[in-house]
Amino acid sequence: MTVKTTAAEYIGEVRDRVENFHGNQLVYVGWDRHLMFCSAFTFLVAPAASFRSLRDDVMAGVFGEHPEWPTINWDSVRWLLDGQPFTPELDKTLADQGIGHKSLLRFDTPELHGFMNAGV
Amino acid sequence: MAAKKLNMKDKYKMLTRDLDWEFSYQDRKEAFPYEEYEGIKITDWSKWEDPFRLTMDAYWKYQAEKEKKLYAIFDAFAQNNGHLNISDPRYVNALKVFLGGVTPVEYQAYQGFAHVGRQFGGVGARVACQMQSIDELRHVQTQIHAMSHYNKFFDGLHNWNGMQDKVWYMSVPTSFFHDARSSGPFEFLLAISFSFEYVLTNLLFVPFMSGAAYNGDMATVTFGFSSQSDEARHMTLGLEVIKFLLEQHEDNVPIVQKWVDKWFWRGTRVLGIVSMMMDYMLPNKVMSWREAWEIYFEQAGGALFKDLARYGIKPPKYVDIATAQMDHMSHQTWWNFYNFGEAAGFHTWIPSDKELDWLSEKYPQTFDKYYRPRWELAKKMEAEGKRFYSKGLPQLCNTCQVAMINTEVDDPTMLVYRSTEYKGEKYHFCSDGCHDIFVDEPEKFVQSWLPVHQILQGNCGGADLETVMREYYGMDVGVDNLDMKGSPDELRWKEWKSA
Ligand SMILES: [Fe+2]
Ligand SMILES: [Fe+2]
Ligand SMILES: [Zn+2]
């Protein structure tokens with residue numbers, strides 16, 4: 001189904017196409033069951049950035065506010081990339097491991113249940 | 001010889017239906033080019049029943065009387081420093097959200113009704129829409145005049161018009177109306193007159209007007225009552241349009257159902273901000289948002305959809321999900337604003353202990369389990385001198401533009417993530433409802449102007465948030481935003497009260 005218009009064919013301008021981000025791309029990251037953060041975050045990153053810098057610089061910069069962040073056991077973390085189980089390689093680039101423009105990355109920390117064990 | 005004075009019936013006829021004429025040398029289809037493309041079939045416009053039953057001259061007379069009374073009260077309010085009678089300065093923050101979120105969409109309603117008031121082939125529908133258009137313009141004006149008194153004494157009310165299509169949370173109501181106004185004329189009426197003004201309007205106006213009354217704000221109470229008599233006519237138009245479309249042709253039924261589904265869902269997402277005002281921003285509470293939903297949607301809406309069933313119309317899709325989420329919506333929304341209180345044009349705060357207990361009582365299934373712990377964390381951080389402000393930018397829903405704060409009905413500790421791919425691009429949604437709306441009209445919603453993405457594209461005046469807020473949003477940074485505690489609003493209030 002497409003937009004009903006008076007025009008024969010109607011094509012919308014894709015406002016968030018990757019070209020509009022000047023060489024960078026978006027990636028969304030959410031920490032499951034840690035609702036101190038009301039939603040996942042939107043980050044502007046270089047496709048050539050390593051996963052390590054995404055995790056230790058970009059993500060740490062916002063998720064680091066959480067009292068549990070320093071205690072995360074990264075070996076047991078389960079990742080989802082665009083809904084599929086995913087094993088990140090720390091020193092590979094985002095682009096090389098399929099983290100594309102507007103990809104959603106979620107991580108779950110099975111030993112940590114949030115502030116007051118309430119998923120916060 | 002004609003009588004000098006027309007009787008009421010003739011006058012009504014001549015000033016409404018008689019304003020139409022037969023097209024003798026122009027093609028009627030070219031005169032009303034938007035009337036058919038939505039697929040709606042109208043077989044007989046004369047069956048349209050005028051919902052307003054007013055002629056223009058009577059309309060001017062009534063409205064002028066209303067204005068006279070209203071402005072007399074505004075004058076008295078200003079002369080008596082009426083703002084000093086409000087319950088608590090926190091209350092004014094609800095007015096800031098109202099002025100930025102509601103007043104500009106009243107203006108969009110005025111524009112939208114002026115447009116469709118030209119485009120319908122039936123004169124009855126045209127006249128009704130033109131009158132409503134003028135009503136909506138009056139609402140804009142009276143709201144601005146009511147708020148201008150508060151603007152002299154409180155921060156954050158000075159640039160509502162500049163903020164309405166730029167600031168991240170204002171884009172929610174703004175884009176709602178952009179969607180409706182860029183739809184065809186019948187969808188516009190279904191969206192605004194039926195779904196918004198008939199089905200959901202009480203959830204906006206009752207909390208506000210009762211909220212104003214409970215919190216000593218006579219200016220808002222007065223403009224509320226003044227527009228309520230207009231609203232009654234608008235609701236009649238909303239009911240007339242759906243019945244008229246359903247009675248005109250059976251092919252209209254599935255089209256109308258789709259619009260009912262879409263606009264109900266969009267409406268509930270817009271109401272998130274109202275839910276938070278009711279439960280968190282009103283110092284003197286009227287009722288809980290959950291209770292308002294039960295009275296004004298579940299009971300009233302239930303009866304309405306029972307009535308519409310004979311046309312083959314079903315209650316809106318996902319109504320069960322929306323209703324289940326009403327136990328969560330206000331808590332999630334206020335937490336969203338508390339998280340991003342640094343980037344908001346009004347103040348946020350931790351509820352008092354008394355308020356936390358009120359929330360526990362009103363939301364026995366959800367508050368203590370899911371939401372009180374967040375406030376305990378916020379209190380702990382505040383006590384340590386680190387008031388929590390989230391540092392990043394949130395992920396937004398591509399349809400409703402609300403931050404993706406929604407949680408799953410069967411597990412409120414899990415955020416809802418829905419997505420789709422269209423022409424190789426990824427799109428994310430807060431709900432199945434928003435997902436379905438996108439998938440139905442992707443070429444429309446690939447154009448969504450998402451405030452977070454716009455900042456990151458560099459289209460909002462700067463790379464850091466403070467520059468965006470100062471230069472692009474026109475906020476007085478450090479004054480309009482941040483916590484209520486220690487704000488200039490709070491300090492001034494204390495001075496006035498100790499004087
Ligand atoms: Fe209005
Ligand atoms: Fe209205
Ligand atoms: Zn949404």
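Where in chain B is the place of Pro351(B)? Pro351(B) sits in the loop between helix 15 (329-339) and helix 16 (353-362) of chain B. The structure shown here is a predicted model.

## A proline in a loop

Pro351(B) has a relative accessibility of 5%. Buried means under 20% relative accessible area, so Pro351(B) counts as buried.

Leaving aside residues up to four places away in sequence, Pro351(B) touches Tyr280(B), Leu356(B) and Trp375(B). One of these, Tyr280(B), is 71 residues from Pro351(B) in sequence, yet the two C-alpha atoms are 7.0 Å apart in space.

## The hairpin in chain B

Strand 2 (residues 407-408) of chain B pairs with strand 3 of chain B in the antiparallel sense, over two bridges. The two strands form a hairpin, with two residues between them. Within this pairing, Glu408(B) stands opposite Asp411(B), a residue of strand 3 of chain B.

Strand 3 (residues 411-415) of chain B is mostly covered. Of its five residues, four are buried.

## A sheet built from both chains

Strands of a sheet pair through backbone hydrogen bonds, and the pairing is either parallel or antiparallel. In this model, an open sheet of six strands has the order 4(A)-3(A)-5(A)-1(A)-2(A)-1(B), and its pairing is mixed. Which strands stand at the edges? They are strand 4 (84-86) of chain A and strand 1 of chain B; each has a single partner strand, so one side of each is left without a neighbour in the sheet.

The link between the chains in this sheet is made by strand 2 of chain A and strand 1 (residues 393-394) of chain B, which pair in the antiparallel sense over two bridges. Phe41(A) has Pro394(B) as its bridge partner in strand 1 of chain B. Phe41(A) also stands opposite Val29(A), with Phe41(A) lying in strand 2 of chain A.

## Strand 1 of chain A

Strand 1 of chain A has partners on two sides. It runs antiparallel to strand 2 of chain A, and five bridges join the two; in that pairing, Gln25(A) has Val45(A) as its bridge partner. Strand 1 of chain A runs parallel to strand 5 of chain A, again with five bridges, and here Val27(A) is the bridge partner of Ser103(A).

Is strand 1 of chain A mostly covered or mostly uncovered? It is mostly covered, with seven of its seven residues buried. On one side the buried residues are Gln25(A), Val27(A), Val29(A) and Trp31(A), and on the other they are Leu26(A), Tyr28(A) and Gly30(A). Both faces of the strand are therefore covered, given that buried means under 20% relative accessible area.

## Where the chains meet

The contact between the chains involves 46 residues of chain A and 56 residues of chain B. Together the two chains bury about 4500 Å², and 60% of this is on carbon and sulfur atoms. Arg15(A), Leu35(A) and Cys38(A) supply 15% of the area that chain A buries against chain B, more than any other three residues.

Across this interface there are 21 residue pairs in polar contact and two salt bridges. Lys391(B) forms a salt bridge with Glu65(A), in which the closest N and O atoms are 2.2 Å apart. On the side of chain A that touches chain B, strand 1 (25-31), strand 2 (41-45), helix 1 (51-63) and strand 5 (103-108) each supply at least two residues. By class, that side has 23 nonpolar, twelve polar and eleven charged residues.

Notes: Residues numbered from 1 in each chain as written. Chains lettered and ligands numbered in written order. Predicted model: local features only at pLDDT ≥ 70, side-chain atom pairs only at ≥ 80, totals over all residues. Heavy atoms only, no water. Contact = heavy atoms within 4.5 Å. Buried area = accessible area lost by both parts, 1.4 Å probe. Salt bridge = Lys/Arg side-chain N within 4 Å of Asp/Glu carboxyl O. Polar contact = N/O pair within 3.5 Å; in protein donor to acceptor, adjacent residues only side chain to side chain. Nonpolar A, V, L, I, M, F, W, Y, C, P; charged D, E, K, R; others polar. Pairing = 2+ DSSP bridges. Buried < 20%, exposed > 50% of the residue type's maximum accessible area, 1.4 Å probe, protein only.
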